[in-house]
Amino acid sequence: MTANSRRSAPGVAPLRLVWPLALPFVLVAALAYMNGDRIVPSNLARWDATWFNIYNMPLPPQTQKKYTYAPPGALYYAGSVISTGDGTTAQLQGVMVQREGAVLTASSGTWDSKAQTWTLLNPWRAVPGQNPQPLGKPLTVPQTDALRPPPAKAEQTTTPELRARAADPQVLPADQREAAFQIVRRMADPLTAVVFALAAGALGLLLRNRAAAFAAVLVFLVSFYVLWTTVPGLARAGALSPALAAWLPNLVFVLLAAALAWRLR
């Protein structure tokens, strides 16, 4: 194959046609960054409220997972804290209290922050060297921590609040990683338009058959979506660093675009 056969009719190298395709998407990326960083977080909560209102359904209660409180000489744990909406009481699930040399467990309970107590329903009491014993009636223990509203979803949180959450040692490690992931994703996602324009443009110039090019672009979209929806779970679980997980879909398609560009040359 000669050099001239790798050029288009006016004598322009195909690779030079790819770069202009990406220029409009730079503006799209800038607008997407403003949208994802400022507009979307402040309006997702309104969207949820509107969605449930359309179907005449109540908003799901605010829930905090894996609550832990460790004052001197005691430990309080709940698998979930479900707010009742009055700001002073909550339902507890998966409860454990360790105090005064004994461990109390219960499948459920209640939290009264005004009275500063936890009430365990049908609790069991375990003491070292003895078999656990059911108490047979609710047990109320003092609990002096404040009942705070659970943190908002990372998608509904502003970037400064996410940075504070990622650096807060009292936040669970999984929530810290999720906050750090969302911060980086808000920078990575807007560039997806540019990366996709380069990769899809190079692929379109390589494939002369329209049906094959259309099918290849569909494979592009599905592959990117699968990767894009998988990395948040990997980042939260700690399998990937938040920064690498946020950039991974774009990095994969940048490498693909580079390989296609090399093939065009």
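Helices here are DSSP runs of H or I with at least four residues, strands are runs of E with at least two, and both are numbered from the N terminus. On that basis the chain has 6 helices and 8 strands. Along the sequence the order is α-β-β-β-β-β-β-β-β-α-α-α-α-α.

Before the rest, the conditions. This is a predicted model, where local features need pLDDT of at least 70 and side-chain atom pairs count only at pLDDT 80 or more, while totals for chains, interfaces and linings use all residues. Residues are numbered from 1 along each chain as its sequence is written, and side-chain values use heavy atoms, with hydrogens and water left out.

Overall dimensions next. The radius of gyration of the chain, taken over C-alpha atoms, is 27 Å, whereas a compact globule of 265 residues would have a value near 18 Å. That globule rule is 2.2 Å times the number of residues to the power 0.38. Along the principal axes, the C-alpha atoms fill a box of roughly 90 × 45 × 35 Å.

Now burial. Of the 265 residues in the chain, 29% are buried, meaning under 20% relative accessible area with a 1.4 Å probe, protein chains only.

H3 has 16 residues and spans 22 Å from first C-alpha to last, close to the 22 Å expected at 1.5 Å a residue; the expected span is 1.5 Å times one less than the number of residues. Which residues of H3 are buried? Among them are Gln-176, Phe-181, Ile-183, Val-184, Arg-185 and Arg-186.

Terms used: Buried means under 20% relative accessible area, exposed over 50%, partly exposed in between (1.4 Å probe, protein chains only).
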